[in-house]
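Please consider the model shown below. The paragraphs that follow lead from one chain to the contact between the chains, and then into the second chain.

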Amino acid sequence: MVEFKEYQLSNGLRLIFNEDKTTPIVAFNLLYDVGSKDEHENRTGFAHLFEHLMFGGSINIPSFDGPLQTVGGENNAFTSADMTNYYMTVPKNNIETAFWLESDRMLSLAFSEKSLEVQRQVVIEEFAQMYLNQPYGDVYLLLRPLAYKKHPYRWATIGKEIEHIETATMEEVKAFFKQHYFPGNAILSISGDLEFEEVKRLTEKWFGSIPSKKKEVRELPQEPLQTEERIMEVERNVPLNALYYAYHMPARVDEDYYAADLLSDVLSRGDSSRFNERLLKRTSFFAEINAYVTGDLENGLFIVSAKLADGVAYSAAEALIEKELQEIIETQVSEEELNKVKNKAESTFEFGKTSALNKAMGLAICALTKEPELFNNEFQLYKKVKSSDIQRVAKTILRKENRSKLIYKAKKG
Amino acid sequence: MIDRSIAPKQNAIEKIEFTKAQTHVFASGIKCHSVVQEDCKVVKIEIEFDAGSKFQKKPLVAAMVNTLLLEGSANYSAFEIASFFDNEGAFLDSSCSADKASVVLHCLERSIPKLLPYLKELLTSVTFPKEEVAKYLELSLQNLQVSQQKVDWVARNEFMQALLGKTHPYSWKIEKEQYNSVTREDLISFYEKQYTSSSFEIYASGKVTNEVLLAIEQVFDQTLHAPKNPDAFSEEIENTSKELSIISLDGSIQSAIRLGALTINRKHADFPALFVANTILGGYFGSRLMSNIREDKGYTYGIGSGVLHLNQLSYFIISTEVGSEVTSSTLKEIELEMNKLQAEPVLEEELKLVKNYLLGNIMKGFDGSFSAMGRFKMLHHHDLGYDYYENLIAEIKAMDAEKIQDVAKRYLDYSQLTKIIAGKL
């Protein structure tokens with residue numbers, strides 16, 4: 001059990017605090033309820049570019065990193081389709097510096113032209129390094145728009161194309177900040193050896209005077225039901241043929257999410273899983289094969305991905321995968337197999353509670369997903385899943401009409 | 001109204017509490033080191049052997065033996081073994097570096113009595129089944145083809161050989177053809193020499209209760225075999241290349257850059273100053289290389305430098321991936337920053353920042369039992385005690401600009417660096 005206390009400022013900022021007497025550092029996590037799903041389709045990659053700009057100085061403080069490092073702290077951030085999360089660790093006697101820095105950039109950024117120009121370039125290099133200059137790096141850039149036609153999950157967090165980043169203007173940056181960066185759209189989560197009353201006092205002191213703003217109701221276009229299989233074929237300069245299936249599946253808050261997640265675990269988590277044992281080890285058809293869920297807050301994707309061994313025909317590899325999928329639709333998984341994946345889920349949760357930073361981040365993400373208590377009881381939701389649930393979601397999800405298929409061929413040199 | 005332009009009081013980091021490991025010597029003579037964390041339900045147990053790649057006589061052998069340890073035993077197939085661990089929700093991994101090789105178990109504390117006997121079985125009745133060896137080679141070869149298209153992998157693969165020459169035990173380089181030359185006999189002979197005839201040590205962290213310790217002691221009740229003296233190996237450095245080598249990768253839009261040189265180890269009197277100097281140059285997010293090459297020029301997503309320590313030698317390294325068209329401009333900027341560190345004393349403000357950053361970073365290294373064990377392992381591998389940190393902290397606090405400039409002149413000289421570029425220049 002990770003104990004926590006909650007408090008809300010009158011301007012809407014939510015505070016979650018976990019007292020951890022065992023650690024010399026404090027983890028300070030500020031999550032904003034904004035991700036790439038909130039972007040305009042002609043301005044994709046913006047939430048992430050913005051995350052970079054948050055380090056370019058705020059209204060009263062020219063440098064974010066310097067003052068933090070000067071008191072022995074470190075920080076980083078990430079952006080996903082659903083959230084932008086900023087986190088730092090700081091020695092506990094310097095915790096007030098974290099409040100000072102984080103509250104000032106919520107109040108307002110400096111919006112320096114130089115910062116925009118440089119971070120634009122940095123993000124373009126990130127795009128190149130992670131997506132374009134990696135073998136198979138552009139898979140999600142192709143798969144997302146194939147699987148989603150209306151919902152903003154159809155573009156990757158890095159953006160649809162570099163051009164959107166290249167042409168972003170300062171006005172757009174300012175408008176994005178105004179729309180998404182305010183107390184009511186944020187969750188502050190802290191874990192460390194502090195008193196709750198002191199944490200509350202500091203939160204009021206530094207965040208209390210930031211003007212409140214009404215949180216808009218998010219109205220995202222809903223993805224229409226897919227009714228027939230979609231297939232896309234590309235050729236790239238990679239060594240091995242690859243194959244990707246993307247099926248629509250329930251959102252993380254849906255009851256069936258947990259059955260779907262365990263379904264992917266039965267197929268491919270651990271060396272004794274079905275894909276590993278039956279397809280990777282016992283045949284020579286695959287170099288790699290996996291099944292996993294994207295875990296998005298709204299309806300997400302169930303992915304099957306494979307790299308084919310040299311000289312193996314797509315039809316042969318697909319027949320083997322189909323056979324496994326068919327079996328899990330037709331025959332319930334055994335109690336033993338079900339317990340195995342539940343135990344994996346349990347140990348994963350328990351390892352996730354072993355550091356202050358993991359706890360602070362986990363509580364904030366759970367609060368955004370549903371409620372902070374989810375951090376403690378999410379495993380119970382996995383535990384409740386029955387073999388019949390797995391079979392039922394397998395039947396619903398693993399249908400051809402629900403599938404987008406990407407054939408990613410190696411260019412013959 | 002608060003004045004937000006004024007920073008809150010900056011408190012000095014006075015005292016850093018080290019969460020120390022305890023060493024238990026079992027009746028068998030085996031050493032087990034532990035760091036206990038009460039408020040969790042999980043345990044990490046690592047069994048570590050002197051079986052890194054520096055001991056191998058043929059390429060790939062050390063890593064193959066290490067991986068194949070987990071692939072079945074005399075009494076159980078690879079699938080059965082995987083099932084035992086998977087059923088308990090445990091994670092079993094192997095890892096192999098230049099010096100050491102280990103098997104690592106992450107699991108719930110309650111699974112320990114069930115899983116330890118299997119762990120021992122894996123380490124003591126190894127058979128290297130033919131089909132598993134063949135499967136390993138088949139999959140590795142396919143994965144290698146993917147790696148060979150990654151510029152950072154290619155640069156890394158070249159680097160040690162360029163630094164140490166072709167025959168040094170630390171300079172193994174992976175090539176496709178090597179996969180045909182490894183035989184099952186090579187594996188068995190390496191296993192017998194490095195795993196059964198040399199000593200091993202156990203590192204346990206997390207919820208290491210007395211029961212857990214007792215279970216470890218009961219299972220590892222004797223050394224697998226009596227340790228013998230390991231082979232001496234050549235440490236001679238044939239030749240170090242200072243020329244710039246370029247490995248061209250067709251169609252690459254980025255280049256990976258690796259620059260480095262041999263340097264002093266952690267016991268050297270100059271090391272604390274070099275540690276601080278390296279941090280200023282490229283050792284943290286606000287470093288000069290990051291500030292200049294990422295935050296000012298936007299040439300890269302990231303650039304860093306570090307001093308890495310192997311058992312027999314230490315080296316300084318800079319690595320980054322940059323847009324192909326700015327590869328040579330990046331090299332110029334790196335040279336400029338290194339020259340600046342030699343030519344000009346560090347200003348007080350920057351030095352203060354770096355000192356505090358490092359103290360905070362050392363403190364963070366003791367957050368939780370898993371991190372604290374990582375710190376202990378580092379000390380133990382290099383035959384150091386916790387006084388190393390006490391001394392390092394005192395030295396960091398007392399560091400001045402003059403010392404930093406002095407070590408920069410002696411150890412951070414751009415013209416002395418081995419230079420590898422994978423991609424385009």
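Two strands are said to pair if DSSP finds at least two bridges between them. Helices (H or I, at least four residues) and strands (E, at least two) are themselves DSSP runs, numbered from the N terminus. The model is a predicted one, in which local features need pLDDT of at least 70 and side-chain atom pairs count only at pLDDT 80 or more, while totals for chains, interfaces and linings use all residues. Residues are numbered from 1 along each chain as its sequence is written, and chains are lettered from A and ligands numbered from 1 in the order in which they are written.

Strand β1 (residues 5–8) of chain A is joined by four bridges to β2(A), and the two run antiparallel. Within this pair, A:Gln8 stands opposite A:Arg14 of β2(A). Five residues lie between the strands of this hairpin, and among them A:Gly12 takes a positive phi near 105 degrees. β2(A) also pairs with strand β6 (residues 186–192) of chain A, in the parallel sense and over six bridges; there, A:Ile16 has A:Ser189 of β6(A) as its bridge partner. In a regular strand, side chains alternate between the two faces of the sheet. Strand β2 (residues 14–19) of chain A is mostly covered, with five of its six residues buried. Here a residue counts as buried if 20 or more other C-beta atoms lie within 10 Å of its own, as exposed if 12 or fewer do, and as partly exposed in between, the C-beta atoms being placed from the backbone.

Chain A as a whole contains 15 helices and 11 strands. Its radius of gyration is 23 Å, close to the 22 Å that the globule rule gives for 413 residues, so chain A is as compact as a globular protein of that length. The radius is taken over C-alpha atoms, and the rule is 2.2 Å times the number of residues to the power 0.38. Along its principal axes, the C-alpha trace of chain A spans about 65 × 50 × 35 Å. Of its 413 residues, 52% count as buried. Two residues are in contact if their C-beta atoms, placed from the backbone, lie within 7 Å. Among contacts in chain A between residues at least 6 apart in sequence, 78% join residues at least 24 apart.

How many residues does each chain give to the contact between them? Chain A gives 58 residues and chain B gives 64. On the side of chain A, the elements that give two or more residues are α2 (65–70), β5 (84–91), α3 (95–107), α4 (113–132), α10 (274–281) and α12 (335–351) of chain A. Of these, α4(A) gives the most, with eight residues. By class, this side of chain A has 18 nonpolar, 24 polar and 16 charged residues. Ala, Val, Leu, Ile, Met, Phe, Trp, Tyr, Cys and Pro count as nonpolar, Asp, Glu, Lys and Arg as charged, and the others, Gly among them, as polar.

In chain B, an open sheet of five strands has the order β7-β11-β8-β10-β9, with mixed pairing. From one strand to the next the twist averages 15 degrees. Strand β8 (residues 254–263) of chain B is joined to strand β11 (residues 418–423) of chain B by five bridges, and the two run antiparallel; B:Ala256 has B:Ala422 in β11(B) as its bridge partner. α4(A) lies across β8, β9 and β10 (314–323) of chain B and runs at about 70 degrees to β9(B). α5(B) also packs on the sheet, touching β7, β8, β10 and β11 of chain B, with its direction at about 25 degrees to that of β8(B). Axes are lines fitted to C-alpha atoms, for helices over the stretch in contact, and angles run from 0 to 180 degrees between N-to-C directions.

The domain assignment of chain B, whose bounds come from an automatic or database source, gives domain 1 (22–219) and domain 2 (244–423). The contact between them takes 20 residues from domain 1 of chain B and 26 residues from domain 2 of chain B. On the side of domain 1, α5(B) provides the largest share, nine residues.
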